[in-house]
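Student: I would like to learn how to read the contacts, domains and sheets of a model. Please take one feature at a time.

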There are 2 protein chains.
Amino acid sequence: MSIETLKSRIAREFGTPAVVIDMDVVERNIARVQAACDAAGVANRPHIKTHKSPVIAALQVAAGARGITCQKLGEAEVMAAAGIDDILISYNLLGEEKMARLGRLLAGGTKVTVAADNPVVVSGLPAAAAQGGRTLDVVVEVDTGRKRAGVVTVAEAVALARDIAARPGLAFAGFMLYPPEDAMEATQAFLDAATRGVLEAGLPAPRIVSSGGTPNVANLGRIRGVTEHRPGTYVFNDRMMMRAGAARLQDCALAVCSTVVSRAEANRGILDAGSKTLTADTGGGLDGHGLILEHPDARIAGFSEEHGMLDLAGCANPPAIGDVVCIVPNHVCVVVNMVDRLVTVRGDEITGTLPVAARGRLT
Amino acid sequence: MSIETLKSRIAREFGTPAVVIDMDVVERNIARVQAACDAAGVANRPHIKTHKSPVIAALQVAAGARGITCQKLGEAEVMAAAGIDDILISYNLLGEEKMARLGRLLAGGTKVTVAADNPVVVSGLPAAAAQGGRTLDVVVEVDTGRKRAGVVTVAEAVALARDIAARPGLAFAGFMLYPPEDAMEATQAFLDAATRGVLEAGLPAPRIVSSGGTPNVANLGRIRGVTEHRPGTYVFNDRMMMRAGAARLQDCALAVCSTVVSRAEANRGILDAGSKTLTADTGGGLDGHGLILEHPDARIAGFSEEHGMLDLAGCANPPAIGDVVCIVPNHVCVVVNMVDRLVTVRGDEITGTLPVAARGRLT
């Protein structure tokens, strides 16, 4: 990637560790997944948790995305302020502080859809809709095997849809899924039964059926009734996506440039990127804390906060003190969230920096 | 703690998750460790990586600390800009971008000491000293068992001290240790031999011998020759410090206030604090990703980025949707680094917010 050839200039200009994205790869990733959605006849609603940048969100919308997905209200506020006008917040929002903010977001003219998986969350939403002065679309979050949020029975899904439809200012808009990649049939059965259930209850047919996940881009079209998809990580990709078969190395748009600062023993080294840069996220049990492009046989074996511990026992040609290396992280979304800006490159040029505008918006 | 009694007001005012510190506990922690250093006749040079706040650094200095320790040059820049004038950067600094910044820091009048564990790092430092227009104190980082940075033999330590002393603009100032808590004797032997070595080489006696770590506060005075100590985590404490016997629960000054947003099944729940708030840091193998004060038998079993997965199988009185809980994190230093501000409380009042001014200063 371009980042590798530019790494010395990046180190001189920005210091290390530096979190860098190759905009050519970003644009290819955006185009490829948009084309996959278009081919499947499914709208694209990318999840911005990966990049947290209104600039990249705008590229996704310009490429054909229907709107965006945010996980937190604070992310949606940043995106709305930047002009993104159609946002799904795929999260149970709860509490009067959040309802007041959601109301302001609606009142500001942004089309916001929210998810809910329980009646407590639903019962709070009318206050936001009232403050916003408009109907709030709500999708029922459904769990078909991931064991995260989401109702786990069809009966609960239908009951929640009825609850939503009965509340002032709320509209039952459909279902939100995040199916495990191996649960297409079970998800189809759940969705079909829940759809029958809401129709039998006299509710309107779901207008939105939202599925999610970059690995599930390969499954687009396999669940009948899905109207839109929420891929996130595809915009940058990482070792997790490579393991899932959802990306190749050349699809990884982000690397962390880091300097080897110590080689205290023959089989050990220290990177200047520790858990405050690469994070302790193992990517669901990947070996080592990142892939070093120049030394794939060097293992990032552990961390201190600002030290990445290199195990060089299996490394034929170990890096020297002062070497700058490029690391593809295990899980790119959490790495982006560590920094206030990304360095951008394109071809043989460092083109600038991009603020991670919604970084740290955890509420 | 006060945070528990104020949690509902915190949630209403700031939303959740909120990272909150109790300033009474912070001040007690600062006073207690300062007193321990005073009693041992060892100067206190607290490590600001835990709080990244010039305001708290100023409290530490006002309580008697000789100066502060920073891990990254960017942290030192923030602290110097806020008027902290005596800073040890306990890290190998490398590369022309960093040397230029280090030179500017020196030129600005801040007394800066840096660490080095290899000749490549030492060879770069004269450029910074020259730009700064003053002599740069350098300590040799020594590893007596932690296997992080630091020379591992006495011969290397002496050779590096000679190298430093021979370079224009650099002064050999002494040694920096970060001894494992069970390696007092080995550390003493190393230090004694290295000190003899530098004296035999005709170098001045070490002016600085710096030891580190909150758990090693209990070992103050056990290594003869130590002149100053670098405790960090003690200012807030966490589950790691409790496990190490270095803190009690009432010494933990920081908690994350989080709302239960889903209870999809009887034995499961979801917190609105995931790996982008609590981080995936296990604190060196602690069970669960934090201690929930109200439900110590509820286990934070895993994370998505914005979901904390509660395993409630062993929980006698599980939390309900909408409940706000207070979580003592596994490793507080990495949690503080996720947020731009901390909420502060004292007694029965929310007193405001404190910017984490050096957050994200990873270079």
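Tutor: Start with the chain interface: 100% of the interface residues of chain A are also interface residues in chain B, so the copies meet through the same surface. Contact here requires C-beta atoms, placed from the backbone, within 7 Å. This is a predicted model, in which local features need pLDDT of at least 70 and side-chain atom pairs count only at pLDDT 80 or more, while totals for chains, interfaces and linings use all residues. Residues are numbered from 1 along each chain as its sequence is written, and chains are lettered from A and ligands numbered from 1 in the order in which they are written.

Student: How many residues does the contact take from chain A and from chain B?

Tutor: Chain A gives 55 residues and chain B gives 55 residues. Elements of chain A that each supply at least two residues to this side include α1 (2–14), β10 (254–262) and α10; helices (H or I, at least four residues) and strands (E, at least two) are DSSP runs, numbered from the N terminus.

Student: What rotation superposes chain A on chain B?

Tutor: Superposition is by least squares on the C-alpha atoms of residues with pLDDT of at least 70 in both copies. A rotation of 180 degrees, with 0.0 Å of shift along its axis, superposes chain A on chain B at RMSD 0.0 Å. That is the relation of a two-fold axis. Of the residues of chain A, Ala280(A) comes closest to the rotation axis, its C-alpha lying at 2.7 Å.

Student: Which domains does the assignment give for chain A?

Tutor: Domain bounds come from an automatic or database domain assignment. For chain A, domain 1 covers 2–21 + 239–352 and domain 2 covers 47–231. Their centres, taken over C-alpha atoms, are 35 Å apart. The contact takes 7 residues from domain 1 of chain A and 8 residues from domain 2 of chain A. On the domain 1 side, helix α10 (residues 332–336) of chain A gives the most, with 3 residues.

Student: In what order do the 8 strands of the open sheet in chain B lie?

Tutor: Strands of a sheet pair through backbone hydrogen bonds, either parallel or antiparallel. Two strands count as paired if DSSP finds at least two bridges between them. In chain B the order is β2-β9-β8-β7-β6-β5-β4-β3, with parallel pairing. The edge strands β2 (43–44) and β3 (68–70) of chain B each pair on one side only. Within the sheet, 7 bridges join β6 (residues 136–142) to β7 (residues 170–177) of chain B, and Val139(B) stands opposite Gly174(B) in β7(B).

Key: Contact = placed C-beta atoms within 7 Å.
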